[in-house]
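Q: Could you show me how to read a structure like this one, feature by feature?

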Amino acid sequence: MYTSSSILAVLLGTTLALVASCDVPIASEAQAKPLTREPRLDSNASCKECHKAVFSRWRSSRHSKAGRNPAFDFEYNSHPGKWCMGCHAPRSTADLKLTPARRQGVDCLTCHVQDGILHSRSRAPSSPHKTKAREDFGGPEMCAGCHQFNFPVLSPKGDLVRYTKQPMQNTFAEFRDSGSGAECIDCHMQRDGHRFPGAYVSEKVLEALKVDLCRDATGYQVAIENALSAHNLPSGGVNRAIVLSLESEENPSGRRHYRMERLYDGPVGARKKRKDTTLQPGAKATWKIAGTLLGLGKQERLILAAQFYFGTDPNPKAPKAKVQVFKRGYAAQDIERCELP
Ligand code: HEC
Ligand code: HEC
Ligand code: HEC
Ligand code: HEC
Ligand code: HEC
């Protein structure tokens, strides 16, 4: 069983031994001068001196924002416990202060340094580090440490009392059950490296979300597919939804919506799944829309769009964000007829 605690224990066990070297020469990516001393591994900022490109990609990733994004801050401030920091900024202390370590979120040291030793999948011949090369580095189990966990029961201080049986985030289990031959990093690092693009990057979402519009006797049908072989669409937390909308340009008040999300309700410790319209790997769904609601007419123009909503918490004060995945216009008379099943 992959519990987050086992892998987190490894991550949290990361004591950062100080390496006695301060003035590290500045070298450009991949053409560092031969070094006589190992670069220090106790400061995330110091990695930037030599790994500029990696650093700036990481800066634009969600990992770098994990300890300080507005949605996280809002929730964390109401129960500032150690549990949250274990995944959102594992090198930081559990209090409300925005310490430098918390600002860094899931940083270079979180993933690469354990007990003062640099870990990676391989070691470059030119590397100044005494790298421990591990084939399993960056494998799905490492990601699972933070990307797979059940709803917790927390103490008033926000510390973990126990996990319940319902998954709060299920990405690794979905991946494992899919039998996908790819690894997480094959898809999440292949082009943009340490930017780890996901739901906030519309081009990434379009790799999974395939949508087709056709016309039938009563109105329209939207065929929705998760073209991804690896995990659900959407995956991740219960605080997000993909919302498709179809409207007629002439009659926007008749707009119709279709939500893809996973919802739970019930008391803490005994949550029950209420709704799950996420699509499993390769799965399809059909959304039928009666045409009259759109003011159906031969000349009308239709707009089909998808938005990714983040922070679907009903609390009106909770910060919300949305990203437009696509918006397409159609002239009604050009929309193809749906094939009969
Ligand atoms: C003085 C320059 C320098 C500093 C500072 C530095 N590195 Fe490196 N690092 C290199 C060079 C050179 C390589 C060889 C590969 C390359 O050229 O990118 C390398 C390789 C690596 C690798 C790949 C494994 C290996 O050994 O080939 C990782 C991971 C890595 N560094 C992480 C870090 C982290 C994390 C930090 C900050 C704690 C850091 N580095 C600081 C120069 C540096
Ligand atoms: C979420 C975990 C994670 C974080 C955060 C992270 N890395 Fe990595 N890093 C990886 C993985 C996974 C690989 C790929 C292993 C492979 O395929 O060789 C990797 C590879 C590398 C490499 C070698 C290959 C390359 O892309 O150049 C370097 C150098 C490196 N990381 C430096 C850094 C630095 C510097 C930071 C902080 C700015 C950082 N990493 C943050 C997980 C992480
Ligand atoms: C130490 C915990 C930790 C580890 C290890 C980790 N992640 Fe993350 N990851 C997070 C957190 C926390 C976020 C959410 C950041 C935010 O949005 O506030 C995140 C966000 C992401 C996102 C963006 C999700 C989105 O909303 O678009 C992707 C993709 C991702 N991680 C992939 C990976 C992969 C692949 C690995 C393994 C190589 C990995 N992560 C390892 C904690 C971790
Ligand atoms: C075959 C490619 C592929 C593999 C393998 C893969 N992902 Fe993804 N992942 C994507 C795509 C494409 C998206 C954007 C669509 C989406 O949101 O599901 C995504 C989205 C995500 C998100 C954002 C969650 C969401 O849907 O809102 C997270 C987190 C994530 N992946 C983590 C992982 C982890 C962890 C693994 C391995 C256990 C993994 N992914 C394996 C392609 C992949
Ligand atoms: C076991 C790891 C883990 C723990 C513990 C954890 N999270 Fe997360 N959290 C994640 C990952 C991974 C993501 C990114 C995937 C997603 O958002 O779908 C995330 C996403 C989030 C987001 C959404 C970020 C966004 O804007 O998209 C919020 C808010 C959040 N977490 C708050 C918290 C709070 C508050 C706590 C403590 C009560 C906490 N988390 C504990 C792993 C964790």
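Q: How do the residues of the shell around ligand 2 divide into nonpolar, polar and charged?
A: Ala, Val, Leu, Ile, Met, Phe, Trp, Tyr, Cys and Pro count as nonpolar, Asp, Glu, Lys and Arg as charged, and the others, Gly among them, as polar. The shell around ligand 2 has nine nonpolar, nine polar and two charged residues. This is a predicted model, in which local features need pLDDT of at least 70, side-chain atom pairs count only at pLDDT 80 or more, and totals for chains, interfaces and linings use all residues. Residues are numbered from 1 along each chain as its sequence is written, while chains are lettered from A and ligands numbered from 1 in the order in which they are written.

Q: Which residues come nearest to ligand 2, and which helix gives the most to its shell?
A: A residue is near a molecule if its C-beta atom, placed from the backbone, lies within 6 Å of it. Of the 20 residues around ligand 2, C47, C108, C111, R121 and G138 come nearest. Helices are DSSP runs of H or I with at least four residues, numbered from the N terminus. Helix α8 (108–112) gives the most to this shell, with four residues.

Q: What does the shell around ligand 4 draw on?
A: It takes at least three residues from each of domain 1 (4–167) and domain 2 (202–334); such bounds come from an automatic or database domain assignment. C184, C187, A199, A230 and G236 come nearest among its 27 residues. By class, there are 14 nonpolar, nine polar and four charged residues.

Q: How is the packing of α9 and α10 described?
A: Two packed helices are described by the angle between their axes and the distance between the axes. Here the axes of α9 (residues 140–147) and α10 (residues 171–178) come within 8 Å and cross at roughly 145°. Axes are lines fitted to C-alpha atoms over the stretch in contact, with angles from 0 to 180 degrees between N-to-C directions. P140, C143, A144 and H147 of α9 meet T171, F172 and F175 of α10, in contact meaning C-beta atoms, placed from the backbone, within 7 Å.

Q: Which residues touch the most other members of the largest nonpolar core?
A: In soluble globular proteins, nonpolar side chains tend to be buried together. A nonpolar core is a set of buried Ala, Val, Leu, Ile, Met, Phe, Trp, Tyr and Cys residues joined through C-beta atoms within 7 Å; buried means 20 or more other C-beta atoms within 10 Å of a residue's own, C-beta atoms being placed from the backbone. V205, L209, L233 and I242 touch the most other members of the 24-residue core.

Technical notes:
Helices (H or I, at least four residues) and strands (E, at least two) are DSSP runs, numbered from the N terminus. Two residues are in contact if their C-beta atoms, placed from the backbone, lie within 7 Å. A residue is buried if 20 or more other C-beta atoms lie within 10 Å of its own, exposed if 12 or fewer, and partly exposed in between; C-beta atoms are placed from the backbone.
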